[in-house]
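These are my notes from one sitting with the model.

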Amino acid sequence: MSKKRKISLSEEELVQALRNREKIAAEALYDMYSASLYGVIFRIVNETSLAEDILQETFVKIWQSFSGYSPEKGRLFTWMVNIARNLSIDKVRSKDFRNQNKNQDIENTVNLIDEQNSTVYKPELLGVKDLVKTLRPEQRSILELVYFKGYTHVEVAEELGIPLGTVKTRLRMAIQELRKHFN
Amino acid sequence: MKDAKAYIETGILELYVLGDISHDEKLEVEAMAEQHPTVKAELREIERSIELFAAEHAMEPNEDLRDRILNGLLTNFADDNTFAPSHRSVAEEAKVVTMTPPQNNFYKYAFAACLALLIASTVVLYNLYNRLEETNTRMLALSAQSQQYSNTVSMKEEQLKVFRDTSYRVFNLQGQGKTPDAAMSVAWSPNHKKVIIDLDGLNLPANDAEHQYQLWAIVDGKPVDLGVFDAEADPKEFMKVMKSVDKPQAFAVTLEKRGGVPQPTMANLTVIRAI
């Protein structure tokens with residue numbers, strides 16, 4: 001397979017093109033954000049085919065309800081990742097998924113192998129380890145629970161047995177550490 | 001109005017970015033961001049961090065997925081009236097895979113075809129069966145006929161053998177008493193001591209069910225029983241081999257009780273021939 005040329009636009013250009021419903025907007029949208037969104041979705045649902053379906057649903061929803069996005073309120077990615085997270089969390093919490101998961105050990109193993117074979121991790125993954133090291137364990141666990149397990153801060157508080165205020169502060173600290181790291 | 005810095009410190013902006021707040025809180029954050037540039041700037045920073053965090057955890061989805069998803073979007077896209085043509089030059093046209101409509105009808109047609117084939121086969125089989133039956137009947141008739149012919153032929157051969165065999169002597173027996181017109185032929189071979197009567201050329205008055213003709217040979221002046229026969233013989237029988245006799249002086253036929261009697265009833269003498 002020849003490597004496809006990826007299309008990249010500035011966020012403003014992309015938003016404009018999406019509003020005009022241009023074909024190139026769909027392509028750029030996919031090329032720029034599919035990996036980031038897929039990373040989030042996959043970590044929440046932890047199953048390749050389901051994650052692929054949700055990624056597709058996410059793009060359909062972005063495409064169809066794009067008029068609901070306003071740049072003044074936030075970045076495009078924030079809006080999109082919340083769509084992806086909500087779809088993923090809905091799926092994980094649905095009765096079907098939980099029942100399915102009870103007897104899926106073997107399939108999960110297959111998916112794991114599949115994942116190793118077909119999913120290309122970004123080289124920055126090495127950076128993630130460093131990143132994770134820069135966070136304190138309690139910050140990391142909160143970030144992981146919220147971001148990759150789809151917990152609400154209320155659920156995190158219950159899970160860890162700590163007050164809601166503490167959850168919020170730790171989350172804030174964790175994100176501040178991230179900001180330092182990225183700067 | 002809340003103090004911007006304290007508001008930021010509550011950590012609500014992070015929850016806003018993560019989409020983990022109530023509708024009222026959401027409106028509140030948006031109002032705050034509207035009023036306080038610092039809040040807005042903080043929000044953008046948090047968003048950027050989260051975005052970079054996600055980018056670091058990015059996973060490339062399967063390559064096939066790109067076409068699948070883009071086709072899905074662009075199919076809807078084509079239906080969409082608000083579709084606007086691209087103003088930009090697209091370096092590479094998106095690969096559009098023509099989606100063949102699902103072949104749901106295939107099994108329907110296949111089933112119908114199978115059914116039609118089954119019916120056709122049944123009709124053909126039924127016809128074949130009938131013809132086979134007919135052929136079997138005809139074959140039985142033919143084999144019976146051929147059996148009859150072969151019987152006839154073997155009988156004729158037997159007869160021919162008698163004619164060819166020079167040792168046979170043929171005697172024409174003459175009508176006597178009540179039946180002056182009666183006549184029949186008896187063949188006798190001194191070599192084989194065999195006696196054969198000709199049933200085909202027989203000319204005797206018909207006998208009834210209680211009576212039969214009996215052939216006698218006169219040996220040393222005494223009558224010797226050579227067996228019985230009917231005047232109206234089975235049409236298939238042309239001749240009949242009688243009991244053997246050595247040195248007969250005469251052949252005679254009397255009409256007797258069915259099955260024959262030990263001594264001839266001379267009153268019923270039909271034909272006779274002395275040798």
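**Conventions.** I am working from a predicted model, in which local features need pLDDT of at least 70, side-chain atom pairs count only at pLDDT 80 or more, and totals for chains, interfaces and linings use all residues. Residues are numbered from 1 along each chain as its sequence is written, and chains are lettered from A and ligands numbered from 1 in the order in which they are written.

**Chain B.** I counted 6 helices and 9 strands in chain B. Both are DSSP runs numbered from the N terminus: H or I of at least four residues for helices, E of at least two for strands. Of the 275 residues in chain B, 23% are buried. I call a residue buried if 20 or more other C-beta atoms lie within 10 Å of its own, exposed if 12 or fewer, and partly exposed in between, with C-beta atoms placed from the backbone. I also checked contacts, meaning C-beta atoms, placed from the backbone, within 7 Å. Among contacts in chain B between residues at least 6 apart in sequence, 59% join residues at least 24 apart.

**Annotated segment.** An unreviewed UniProt entry gives "transmembrane region" for residues 109–129 of chain B. UniProt positions follow the numbering used here, feature names are shortened, and annotations may be inferred rather than shown by experiment. In the model I find this stretch to be 100% helix and 0% strand, with end C-alpha atoms 30 Å apart.

**Helix H4 of chain A.** The 18 residues of H4(A) should span 26 Å at 1.5 Å a residue, and the end C-alpha atoms are 26 Å apart, which agrees. The expected span is 1.5 Å times one less than the number of residues. Buried residues in H4(A) include A:Leu76, A:Met80, A:Ala84 and A:Lys91.

**A:Val81.** I placed A:Val81 in H4, residues 76–93 of chain A. A:Val81 is buried because 26 other C-beta atoms lie within 10 Å. Leaving out residues up to four places away in sequence, A:Val81 touches A:Leu37, A:Val40 and B:Ala54.

**Positive phi.** Most residues other than glycine have a negative phi. I noted A:Asn46, not a glycine, with a positive phi of about 60 degrees. A:Asn46 sits in the loop between H2 (23–45) and H3 (48–64) of chain A, and counts as partly exposed because it has 18 C-beta neighbours inside 10 Å. B:Lys247 also has a positive phi, near 45 degrees. B:Lys247 is in the loop between S7 (239–242) and S8 (250–257) of chain B and, with 10 C-beta neighbours inside 10 Å, counts as exposed.

Terms used:
Contact = placed C-beta atoms within 7 Å.
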